[in-house]
Amino acid sequence: MWILYAFLSAIFAGITSILAKIGLKNTNSNVVTAIRTLVVLIFAWVVVLIAGTYEEIPHISGKTLFFLIASGMATGASWLCYFKALTIGDVNKVTPVDKTSTVLAMIIAIIFLHESLTWIKVICMVLILVGTLLMIEFKETEHRHNEKKSWLFYAVLSAIFAAITSTLGKIGVTEIDSTLGTAIRTIVVLIMAWIVVFVTGTQREVKRVDRKNLFAIVASGITTGGSWIFYFKALQTGDVSVVVPIDKLSIIVTVAFSAIFLKERVTLKSGIGLLLIVAGTLLLLV
């Protein structure tokens, strides 16, 4: 069942990307992230109340709570570093570094969770890494010569924090229901998201979000909540080194919806990259 949950996570995550892109139109990305996280928090706790898993709260151990908070902080730290890198460097340079978190997550899981390392996994990691890099369109920019080199430092930190989030999250949901674990860690992510808003001084833009954008942001928050719940449900019983790559197959849904609704075209280079990512991920299931 964890494989099914991982695929459902990917589907919801793919839809989220499209809704979030619509919500980002004329809206600050930090504000969108903060509002969306608030919706995720509400959604996650509604699921907890319906499922009745809130009864486990008094029995949560200190160890479980520590790893859930650490997982949420890692997610928040990843966002902070990612946004910092974007303010210094070019998007088309920062993104490829950040996306390597998939392979990093697999490596961390093998080292610290003692998940099996086989030649198939090594081949899969190579395919996914090469495919990810091919999916990125490198473009020249006018200010590249004056660009500070510190963007690379923050981009690497973003990838590392994103990668360890999965490992910390898996440990955090080993003793409690994954829906409750998701709801608890989302509280931490929400705090981190709003810290970004206030640190960047964009809190005034919350009132400027129009209804159409707000609808897309709320919808993306609901799909994000669904994605996170299925993701951590998959992590509860599945291997991180397999769940993470499957979850990243959300890119297929994103590309498909982008082509249909946003009329975005896929280049030959990006198409080859996508095929490599899919091949590498499906090979993990053999």
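Which residues of helix 5 are buried? Here are my notes, starting with that one.

1. Keep in mind as you read that this is a predicted model. Helix 5 covers residues 101-112, which makes 12 residues. From its first C-alpha to its last, helix 5 reaches 16 Å, close to the 16 Å expected at 1.5 Å a residue. Now for the opening question: S101, T102, V103, A105, M106, I108, A109 and I110 are the buried ones. Have a look just past the end of helix 5 too, where H114 takes a positive phi of about 55°.

2. In soluble globular proteins, nonpolar side chains tend to be buried together. The largest nonpolar core here has 21 residues, and Y231, L235 and V243 touch the most other members. Helix 5, helix 6 (119-135), helix 9 and helix 10 (240-247) each supply at least two residues of this core. Helix 5 turns up again here, giving the core its largest share, six residues.

3. On to charges. Side chains of opposite charge can pair when their charged atoms come close. Searching the whole structure turns up one salt bridge. The partners are D177 and K233, whose closest N and O atoms are 3.9 Å apart. D177 sits in the loop between helix 7 (151-172) and helix 8 (178-199), while K233 belongs to helix 9 (residues 211-237), so the pair ties together parts that are 56 residues apart in sequence. Is D177 buried or exposed? D177 is buried, because its relative accessible area is 17% and the cut-off for buried is under 20%. K233 has a relative accessible area of 26%, so K233 counts as partly exposed.

4. W194 is partly exposed, with 23% relative accessibility.

5. Y5, F12 and F230 are linked by ring pairs into a cluster. Separately, R185 lies over the face of W228, 5.3 Å from the ring centre.

6. What about the cysteines? How many disulfides does the structure hold? The answer is zero. Among the cysteines, C81 is buried at 12% relative accessibility, and C124 is buried too, with a relative accessible area of 0%.

7. M73 is partly exposed, at 44% relative accessibility. Compare its place with that of L283: M73 and L283 are 210 residues apart in sequence and 32 Å apart in space, going C-alpha to C-alpha.

Notes:
Residues are numbered from 1 along each chain as its sequence is written. This is a predicted model: local features need pLDDT of at least 70, side-chain atom pairs count only at pLDDT 80 or more; totals for chains, interfaces and linings use all residues. Side-chain values use heavy atoms; hydrogens and water are left out. Helices (H or I, at least four residues) and strands (E, at least two) are DSSP runs, numbered from the N terminus. The expected span of a helix is 1.5 Å times one less than its number of residues. Buried means under 20% relative accessible area, exposed over 50%, partly exposed in between (1.4 Å probe, protein chains only). A salt bridge is a side-chain nitrogen of Lys or Arg within 4 Å of a carboxyl oxygen of Asp or Glu. Rings of Phe, Tyr and Trp (its six-membered ring) pair if their centres lie within 6.5 Å; planes under 30 degrees apart count as stacked, over 60 as edge-to-face and the rest as tilted. A charge sits over a ring if NZ of Lys or CZ of Arg is within 6 Å of the ring centre and within 35 degrees of the ring normal. A disulfide is a pair of cysteine sulfur atoms within 2.5 Å. A nonpolar core is a set of buried Ala, Val, Leu, Ile, Met, Phe, Trp, Tyr and Cys residues joined through side-chain atoms within 4.5 Å.
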